[in-house]
Amino acid sequence: MIRRLYRLWPDPRLLARLWSLTAAQAVLQGLLLGLLVPILHAVVRPEPDIAEATPWLVLGTIGAAVYGSLSVIADPVGYAAGGRLAAQLRKRLMRHVSTLPLGWFTANNKARLARGVTADVGDAAHLAVVIGNPIITSTLLPATVVAVTFAVEWRVALLLCAIALAASWTLRRAARVTAEAEIELERASADIAGRAIELGQAQPVLRAAGHADGTPRMRAALDEHRATYRKGMARARRPFFVYTGVIAGGFVAVLALVAGLLLGEHVEVAEAIALLVLAARFLQPLGNLIDLVGALRAMTNKITRIEEILATPALPVPTEPVSGIGGPDIELSGVTFTYPGGEAPALRDVSVRCRAGTTTALVGPSGSGKTTVTRLIARFFDVDAGTVRVGGVDVRELDPEVLLDEIAIVFQDVYLFDDTIENNLRLARPDATWDELHDVARAARLDEVIERLPAGWDTRVGEGGAQLSGGERQRVAIARAMLKRARVVLVDEAASALDPENEAAITRAIANLGADPDRTIIVIAHRPATLAAADHVVSLDAGRVAESGTPAELLRGGGTFARISRQSERSRHWRIANRG
Ligand SMILES: Nc1ncnc2c1ncn2[C@@H]1O[C@H](COP(=O)(O)OP(=O)(O)OP(=O)(O)O)[C@@H](O)[C@H]1O
């Protein structure tokens, strides 16, 4: 554990200093206890010899002064260490995270990162100081005491070694049982949390059925949780009792052995007293170790989570990156890709060519790989086989900043900052003039949204853009892409139903984006109007290109694309007829 902690910090000198001070104090304490032997030897006799005891007493006083000084030095070091260690580790995590592929930032991983950077790092740093020190003291002090005891009476020293072995075995068992009990408790807690969510979500149904306080399944989960908790606690406590028994039994054994040695005249009274004091100082820190088991486990979990993030491989950066592209054409050739941890490839041998200045529509059933194509172009991930080229350059050879400068992404669910519309647009180009802002707003059909807002351009859009509808947020993102003058724009058109005004506006906005002959657009299309306006359509199925060509060619071909188009046309008419 100590080694794992040490490896976690980029500059572990602070930790090393702190732990060396603690180690020095523990060893010194053990050695000072050893001085008891000659002192008691000189004093505990029919005629005490103070002169014989004096040098040892002086040595003891010097040792105590050194011990005191070490405490004075160690206290502020320990006090400051927690905060500094946390800051160091946070910096290391953030630096590593900034090198990870964008594809790593899934909702799950973002939650892991947030927990890692805040709670886990803070706790790990705090525990490194708060647990590291007692662990060092509780192991080094008994070890020094055993060494000193060997110098006095080897039989007692051997008995102490046997007690240490038994304690260590029980401690390991306690740790294992605690871990198992924790897993069981966690499982039962997750189950009960699931039932609680269900209880909340299903309230209307439950009330209607006269089960407002939950179904028998929910009550059974509660009972099960209670039983597991009781069983887990009882199981986890057992090794603790055994450990306490080992320590107490150990002391009785030492007492018996020392008494036997005294009666057999193998040791004198002074030595017997010293041996009992040494045994007491040996057993007390050893006894404390059991209290650290729980904290140690908590720390192991936190360290494992931090280590997992740090172990995620960074996006490889070329040694001599290409610093610019020619035209904005895009080419995927023979691309095969499986998501990290995924079982089947999301794309298999996919080849797609998008000429500069054209609009390509990606279509296909859910899960066919449309989003994956756009993610690979933006290099959220690297392909397993084949190449992705932007402007003729393999994206792996391109300077990552250049690639991100050239590309704008319009997600289905656009995230906006809780700021004004103006500032949300200026994010793309802070020095844009008012004319430019108005131009892009008009082209993205955002002008009509701004006109309706109470404070126009100065309207704050709320957390994540909550004040605007999904379609309106997409228009902001399209305007941003225009302002950025991105030559490659990847659009994931909103799949959910939009009101006719937003739908028409977004189709128009995408068409305006594509009006620039120096811009290539790839749009994951869900609307017939977008498909009809595309220069080229690529239809994907189960990660493969099923068909490709102009919309007219594909319609004539009568394949999947023609079928999807006809279906969506029919449902569109159906919707319109229903509205009417
Ligand atoms: N982050 C991920 N990790 C693992 N597998 C993923 C991930 N994202 C997508 N996949 C899988 O890759 C395959 C292709 O997914 P993709 O999102 O590209 O499809 P899609 O055509 O865009 O679907 P949709 O229209 O539903 O968005 C699917 O089988 C999906 O389950």
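Setting aside neighbours within four places in sequence, Leu 127 touches Ala 295 and Met 299. This is a predicted model, so take every position here as computed. Leu 127 sits in helix H5, which covers residues 107–130. What puts Leu 127 in the buried class? There are 20 other C-beta atoms within 10 Å of Leu 127, and the cut-off for buried is 20 or more, so Leu 127 qualifies.

Leu 296 belongs in this picture too: its C-alpha atom is 8.3 Å from that of Leu 127, although the two residues are 169 apart along the chain. As for the protein as a whole, take the contacts between residues at least 6 apart in sequence: 78% of them join residues at least 24 apart.

## The overall layout

The protein has 580 residues, and 33% of them are buried. Its secondary structure comes to 20 helices and 10 strands.

## Two nonpolar cores

The largest nonpolar core holds 72 residues, and the ones with the most contacts inside it are Ile 478, Ala 479 and Val 489. Which helix gives the most to this core? That would be helix H16 (residues 470–483), which puts in 7 residues. Ala 479 makes a handy landmark: leaving out its neighbours within four places in sequence, Ala 479 is in contact with Leu 425, Val 440, Ala 441, Ala 444 and Leu 446.

There's also a second, separate core, made of 54 residues, and Leu 8, Ala 81, Val 145 and Leu 160 are among them.

For helix H2 (residues 13–34) and helix H4 (residues 50–97), the angle is about 155° and the axes are 9 Å apart. The two therefore run roughly antiparallel to each other, and H2 passes H4 in a left-handed crossing.

Now for H6 and helix H7 (residues 154–201): their axes cross at roughly 155° and come within 7 Å. Since an angle over 145 degrees counts as roughly antiparallel, H6 and H7 are therefore roughly antiparallel as well. On the H6 side, the contact is made by Pro 142, Val 146, Thr 149 and Phe 150, while H7 brings Trp 154, Val 156, Ala 157, Leu 160, Cys 161 and Ala 164.

## A closer look at H6

Helix H6 runs over residues 132–152, and its 21 residues should span 30 Å at 1.5 Å a residue; the C-alpha atoms at its ends are 31 Å apart, which agrees.

The buried residues of H6 include Gly 132, Asn 133, Ile 136, Leu 141 and Thr 144. Pro 142, Val 146 and Thr 149 are buried too, and those three also take part in the contact with H7. Val 145 of H6 is likewise buried, and Val 145 belongs to the 54-residue core.

## H17 and what packs around it

Helix H17 (residues 500–514) has 15 residues and reaches 21 Å from its first C-alpha to its last, close to the 21 Å expected at 1.5 Å a residue. Its buried residues are Asn 502, Ala 505, Ile 506, Thr 507, Ala 509, Ile 510, Leu 513 and Gly 514.

## Two residues with positive phi

Most residues other than glycine have a negative phi. Glu 265 has a positive one, about 60°, although it is not a glycine. Glu 265 lies in the loop between helix H9 (216–263) and helix H10 (269–311). Is Glu 265 buried or exposed? Exposed, because Glu 265 has 7 other C-beta atoms within 10 Å.

Arg 379 has a positive phi too, near 55°, and is found in the loop between helix H11 (370–377) and strand E4 (385–390). Arg 379 counts as buried, because 21 C-beta neighbours lie inside 10 Å.

## Gly 334 in strand E1

Gly 334 is part of strand E1 (residues 330–337). With 12 C-beta neighbours inside 10 Å, Gly 334 counts as exposed, since the exposed class takes in 12 or fewer.

Gly 334 and Val 350 are 16 residues apart in sequence, with their C-alpha atoms 5.0 Å apart. Neighbours within four places aside, Gly 334 is in contact with Asp 349, Ser 351, Ala 385 and Gly 386.

Key: Residues are numbered from 1 along each chain as its sequence is written. This is a predicted model: local features need pLDDT of at least 70, side-chain atom pairs count only at pLDDT 80 or more; totals for chains, interfaces and linings use all residues. A nonpolar core is a set of buried Ala, Val, Leu, Ile, Met, Phe, Trp, Tyr and Cys residues joined through C-beta atoms within 7 Å. Helices (H or I, at least four residues) and strands (E, at least two) are DSSP runs, numbered from the N terminus. Two residues are in contact if their C-beta atoms, placed from the backbone, lie within 7 Å. The expected span of a helix is 1.5 Å times one less than its number of residues. Axes are lines fitted to C-alpha atoms, for helices over the stretch in contact, and angles run from 0 to 180 degrees between N-to-C directions. Angles under 35 degrees count as roughly parallel, over 145 as roughly antiparallel, 65 to 115 as roughly perpendicular and the rest as oblique. A crossing is left-handed if the near helix is turned anticlockwise from the far one by less than a right angle, and right-handed if clockwise.
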